[in-house]
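Thanks for coming. I have one structure to go through today, and I will keep to what can be computed from its atoms.

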Amino acid sequence: MDPSTTSSRSKIRPLSPHIQIYKPQLTSILSIMHRGTGIILSLTAFLSVWALYALRTMDNDALSLPLFHSFKSSFLSVAFLVVATFSLFFHMGNGVRHLFWDMGKGFELKTAYQSGYAVLIISILGTLIIVGGFL
Amino acid sequence: MSLKSSAKGHVSWRHQRVTAIILLLSLCFILFTLCCQRHASGQELLHWLHHPAYKAFAFISLNTLFYHSFLGIKMVLEDYIHLKAIRQASLFVCFIVHLFFATFGSILILF
């Protein structure tokens, strides 16, 4: 094959994983969400270290106040709490699903869909309970 | 630590699963404790962190979390960045950022 043809072909090829040519399905959406929530949780982990630093350097007056009550005061902090809690429940739930797949269990299409819906329901309920408890 | 997934991909995969199991247990405990302490002040939370057992638990959890995070982000970067030079540079930056936060967080917990 002519090398110049190969080179021009490789230039016009779409990059993997070709998301745009697939019809969205629950399994693929949950897979993308697993990566997305993982990235959100990584950013939350960095923020947690910053929060620990802030806690260590706070003065005594600020330290004596209930810590999580300040979450109610701003829309951004409530939105962050909702997104981070949902991400945590979803990533944990879907992670357990992956661990079962690694053991060779739950691969059947029906089971994969059922476990996917279960993860979504648990994530939404867990988020509502935790966020409701904190606010 | 190697940044090449082709050579040591199975090691990363195994480490990701082991850290996931450790995090599953530790995050359930942290979530439960934070829910019980939701009305606590900053002083009470710091007092809780002074206990040696909680200190050790927080140290292990934090470092496991950042190692798991590094392995996950590394996998995403390897899948989506196709130019080798940019991929290697991104992996290096990712490693340094995770190492910095894990070290800084550990210092805050232990001292």
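I start with a definition. A polar contact is a pair of N or O atoms within 3.5 Å; within protein, one of the two must be able to donate a hydrogen and the other to accept it, and residues adjacent in sequence count only if both atoms are side-chain atoms. With that in hand, the side chains of Ser106(B) and Asn63(B) make a polar contact at 3.1 Å.

Before going on, the conventions. This is a predicted model, in which local features need pLDDT of at least 70 and side-chain atom pairs count only at pLDDT 80 or more, while totals for chains, interfaces and linings use all residues. Residues are numbered from 1 along each chain as its sequence is written, chains are lettered from A and ligands numbered from 1 in the order in which they are written, and side-chain values use heavy atoms, with hydrogens and water left out.

Back to Ser106(B). The residue is found in helix 4 of chain B, residues 84-110; helices here are DSSP runs of H or I with at least four residues, strands are runs of E with at least two, and both are numbered from the N terminus. Is Ser106(B) buried or exposed? Ser106(B) is buried, because its relative accessible area is 9%, and the cut-offs are under 20% for buried, over 50% for exposed and partly exposed in between, with a 1.4 Å probe and protein chains only. Leaving out residues up to four places away in sequence, Ser106(B) touches Phe59(B), Leu62(B) and Asn63(B), where contact means heavy atoms within 4.5 Å.

Now chain B as a whole. Chain B has four helices and zero strands, and along the sequence the pattern reads α-α-α-α. The C-alpha trace of chain B spans about 50 × 25 × 20 Å along its principal axes. The radius of gyration of chain B is 17 Å, whereas a compact globule of 111 residues would have a value near 13 Å; the radius is taken over C-alpha atoms, and the globule rule is 2.2 Å times the number of residues to the power 0.38. Of the 111 residues in chain B, 37% count as buried. Among contacts in chain B with a separation of 6 or more, residues 24 or more positions apart account for 77%.

Next, the interface. The size of an interface is often given as the accessible area lost when the parts come together. Here chain A and chain B bury about 3200 Å² between them, 73% of it on carbon and sulfur atoms; buried area is the accessible area, with a 1.4 Å probe, that two parts lose on being put together, summed over both. In chain A, Arg35(A), Phe46(A) and Arg56(A) lose the most area to chain B, together 22% of what that side buries. The contact takes 32 residues from chain A and 39 residues from chain B.

There are five residue pairs in polar contact between chain A and chain B, both residues at pLDDT 80 or more. On the side of chain A that touches chain B, at least two residues each come from helix 2 (26-57), helix 3 (60-63), helix 4 (75-102) and helix 5 (109-134). Helix 2 of chain A gives the most to that side, with 10 residues. By type, the residues of that side of chain A divide into 21 nonpolar, eight polar and three charged. Nonpolar covers Ala, Val, Leu, Ile, Met, Phe, Trp, Tyr, Cys and Pro; charged covers Asp, Glu, Lys and Arg; the others, Gly among them, are polar.

How many salt bridges are there between chain A and chain B? The count is two, a salt bridge being a side-chain nitrogen of Lys or Arg within 4 Å of a carboxyl oxygen of Asp or Glu. A search of the whole structure, over all chains, also finds two.

One of them pairs Arg35(A) with Asp79(B), at 2.6 Å, N to O. This pair crosses between chains, from helix 2 of chain A to helix 3 of chain B, residues 52-80. Arg35(A) is partly exposed at 26% relative accessible area, and Asp79(B) is partly exposed at 34%.

In another, the side chains of Arg17(B) and Asp102(A) meet at 2.6 Å, N to O. Arg17(B) lies in helix 1 of chain B, residues 5-36, and Asp102(A) in helix 4 of chain A, so this pair joins two chains. Asp102(A) counts as partly exposed, at 32% relative accessibility.

Gly93(A) lies in helix 4 of chain A and is partly exposed, with a relative accessible area of 24%. Gly93(A) and Leu120(A) are 27 residues apart in sequence and 8.4 Å apart in space, C-alpha to C-alpha. Val96(A) is also found in helix 4 of chain A and is partly exposed at 27%.
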